[in-house]
Amino acid sequence: MTEVTNHVDVLIIGAGLSGIGAAAHLVRECPGKRYAVLESRGAIGGTWDLFRYPGIRSDSDMYTFGYSFKPWKEPKAISDGESIRRYVEETADEYGITSSIRFHHRVLSADWSTADAQWRVTTERTDTGETIEFTASWVIGATGYYRYDEGYRPAFKGEEGFRGQIVHPQHWPEDLDYTGKRVVVIGSGATAVTLVPNMVEKAKHVTMLQRTPTYIASVPTVDPLADVLRRVLPASLAYSVLRWKNWLNLHLRYTLSRSKPDMVRAKIRQDAIKLLPAGYDVDTHFNPPYNPWDQRLCAVPDGDLFTALRGGKASIVTGGTRTFTEDGIELESGEQLPADIIVTATGLNLQWLGGMTLSIDGEKVNVGERFAYKGMMISGVPNLSVVSGYTNVSWTLKADLISRYACRLLQHLDANGYASATPLTPTDETPHPFLDLDAGYIRRGVDGMAKQGSRVPWRLHQNYIKDIRLFNGRRLEDGSISFQRRGGAPVPAPEVAEGLNTPHTRSILVGGGQVRYRDEGEGTPVVLVHGIGRSLEDWTEQHELLAGHGYRVVSVDLAGFGESAPLREPYTLPALARFMAAFLDAVGIASPAHLVGNSLGGAVAMQLSLQSPERVRSLVLAGSAGFGREVALPVRLMSVRPLGKLLMGKPSPASARRVELNLFHDPALVTDERVSRGFRLASRPDATRVFLDTAAALGTIRGSRDAWREELMAGVAAQRVPALVVWGDKDRIFPFAQLAAAGKHLPQARTHAFRDTGHMPQIERAEEFAGLIRGFWAEAPLPPASGGEDTLTASR
């Protein structure tokens with residue numbers, strides 16, 4: 001009997017490191033999405049729950065193998081499998097994922113319906129045999145790259161006559177007792193070099209039998225820098241520094257291995273000689289016939305394999321197996337290896353998507369004949385992403401990038417009313433294997449994986465920095481992926497507006513540079529100030545709502561932003577306040593004005609009230625900078641100029657759309673008009689420089705600088721200027737908690753929270769915002785008039 005369950009927006013296949021990571025990114029980036037996680041086994045953890053052999057551990061440091069959003073806090077950088085499994089379980093619990101996991105559900109097939117714009121996924125209960133179907137708008141395959149139900153196990157001549165026990169590490173018996181036994185481990189990969197030092201304590205002797213040597217290097221279990229950084233930096237920042245430091249170290253080693261293989265080979269050999277017993281035959285047992293990183297290098301924590309070899313209870317034998325005997329193994333050389341237990345650490349069976357079959361409108365998809373788009377989607381296959389990782393550095397570095405990019409695609413679909421995203425099939429690409437390592441398990445199964453091409457986005461980088469740029473979300477519509485509305489109708493390429501075309505704008509000369517502004521209505525002056533990287537268009541709704549109520553409403557492009565000329569002095573908060581004072585003089589506003597600032601504009605308004613208190617009647621601060629150190633990570637990174645330049649890259653409609661999505665809680669507000677405007681603004685000659693100058697002046701990678709914030713808060717509090725501080729409870733730029741901080745910093749201020757609102761309540765809750773501030777102004781104390789001339793000038 002087939003049961004059809006409820007529809008979900010996103011169906012994630014696999015509850016291992018990749019699957020839980022994908023679900024956590026989904027919760028963080030797309031909190032409104034309904035999702036489920038399907039897991040064929042009965043526990044969380046994937047590899048780290050399946051493998052239970054002695055010493056199971058990571059061969060990558062946990063600062064790069066851990067998730068980008070969850071710092072690794074254990075002392076060991078090279079960690080045991082149990083600790084990694086707990087880390088994955090903790091992540092699932094912290095993000096509320098555990099309750100959404102359907103255990104014992106093995107996915108058999110998935111069929112895409114173009115008419116319905118959804119997948120129908122057929123699963124089998126591994127505990128009851130029941131068939132259950134799911135429907136989902138998007139499927140994420142987080143199944144890893146090997147078969148879970150069986151490892152690679154070649155048949156050995158004579159094995160049926162062996163009187164001892166034969167064990168594969170993928171299916172390690174819980175009750176296996178090797179105390180006092182002679183053990184032979186067949187293999188030379190990561191599993192074999194882990195087993196040998198971890199079995200010697202109980203076993204009588206452990207022999208690693210390898211047909212071909214592997215490059216083996218000792219790595220420290222504990223990173224000595226970690227404790228130092230944790231003592232002086234916040235946990236998240238310390239983790240980020242360690243992550244970048246370790247990735248850079250791994251990347252440089254890999255790059256050097258590819259460019260100067262003989263030098264790296266000599267260094268690895270020299271290090272091995274230092275750690276091995278005197279006179280050890282290093283050229284037989286530690287000198288592979290291939291270059292470093294043609295196959296993955298094996299890391300051993302604190303040289304534990306070398307320690308075991310020096311202790312005499314472990315040995316390495318290099319040679320081919322002729323046959324198993326009753327008491328062990330006979331080699332091709334005739335040498336006899338006595339054994340009570342033989343462990344066949346002979347590798348994995350490669351398998352993509354957990355062995356499920358794919359079809360589109362009933363027609364089967366041969367994945368091996370398709371191309372991989374950015375290493376995460378399959379050409380011609382809609383709304384399916386596959387989580388994969390690196391082969392030369394930690395898996396999770398790339399898995400994180402892919403999971404976040406999938407969220408950006410989901411946001412893009414929602415924001416534009418699209419139903420599906422489908423990578424186009426390239427017509428001029430030569431297929432190459434998806435994985436380029438020359439390992440046996442890859443050669444055996446790579447034909448079943450999608451192919452890579454020769455250029456981006458079909459070419460796979462083994463380079464984290466290049467992939468950060470590839471996956472930065474600024475070019476979602478890159479010409480290699482198409483978007484469809486329900487029913488499969490293609491979406492035409494978006495058109496970018498040539499100009500801003502905002503009505504009632506004009507320009508005026510301020511300090512020798514042209515400044516764009518908008519000026520409407522008559523009455524008490526109201527001055528609207530936008531945030532970093534923005535323009536006066538952020539106040540369009542408020543112009544329409546305020547100008548007819550007895551106010552002269554003026555908005556302005558800050559110097560260097562929008563279409564105003566940049567400052568001729570370094571960008572600082574006082575410099576921007578001086579610009580505002582000069583602008584007010586230029587447009588004839590001399591009487592006190594109500595200042596309304598959003599984000600950076602709030603800080604500029606407060607600074608102006610300190611430098612020219614006679615100009616300020618009241619302050620309305622919407623999601624303003626200045627009330628706390630914490631700010632969104634991308635903004636913090638912009639304060640470091642090289643990172644900022646890298647992250648900003650070349651402006652595109654896709655990057656402009658992503659900016660808008662971060663500003664609004666309601667994606668419907670991310671209109672094509674706003675995206676086109678954002679693209680044009682970001683493309684202006686001085687836009688990147690001005691943005692980065694301002695970010696560096698006001699912030700560091702740790703957040704907003706303390707010095708200017710503390711001075712600003714103390715000054716405004718002492719002034720006791722009437723103030724209203726408002727915040728959206730879903731603000732992604734400055735956390736909502738800063739509203740409470742504002743109340744503490746400015747005891748005279750009134751505060752207000754907008755529900756289900758992002759960083760721009762003046763747009764997202766326009767009418768409520770206008771009504772709130774008009775009520776506040778009606779109650780604000782009226783400063784003494786300075787004379788008829790000023791009053792007439794302000795009122796025009």
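Helices (H or I, at least four residues) and strands (E, at least two) are DSSP runs, numbered from the N terminus.

I noted that this is a predicted model, in which local features need pLDDT of at least 70 and side-chain atom pairs count only at pLDDT 80 or more, while totals for chains, interfaces and linings use all residues. Residues are numbered from 1 along each chain as its sequence is written, and side-chain values use heavy atoms, with hydrogens and water left out.

For accessibility I took buried as under 20% relative accessible area, exposed as over 50% and partly exposed as in between, with a 1.4 Å probe and protein chains only. Asp-59 is partly exposed at 27%, and Arg-296 is likewise partly exposed at 27%.

Next I looked up Arg-85 and Glu-89, which form a salt bridge at 3.0 Å, N to O. Why are Arg-85 and Glu-89 separated by about one helical turn? They are so separated because they stand four residues apart in helix H4 (residues 81-94). Arg-85 is buried at 14%, whereas Glu-89 is partly exposed at 25%.

I also recorded the salt bridge between Glu-330 and Arg-322 at 2.8 Å, N to O, in which Arg-322 is partly exposed at 41%. A network of salt bridges links Arg-516, Glu-537, Asp-557, Glu-563 and Arg-680, and the count by this rule comes to 48 salt bridges.

I then turned to Asn-416, which is found in helix H11 (residues 395-416) and counts as buried because its relative accessibility is 12%. Leaving aside neighbours within four places in sequence, Asn-416 is in contact (heavy atoms within 4.5 Å) with Arg-485, Arg-657 and Asp-672.

Among contacts with a separation of 6 or more, 72% are between residues 24 or more positions apart. The C-alpha atoms fill a box of roughly 110 × 60 × 45 Å, taken along the principal axes.

How values were computed: A salt bridge is a side-chain nitrogen of Lys or Arg within 4 Å of a carboxyl oxygen of Asp or Glu.
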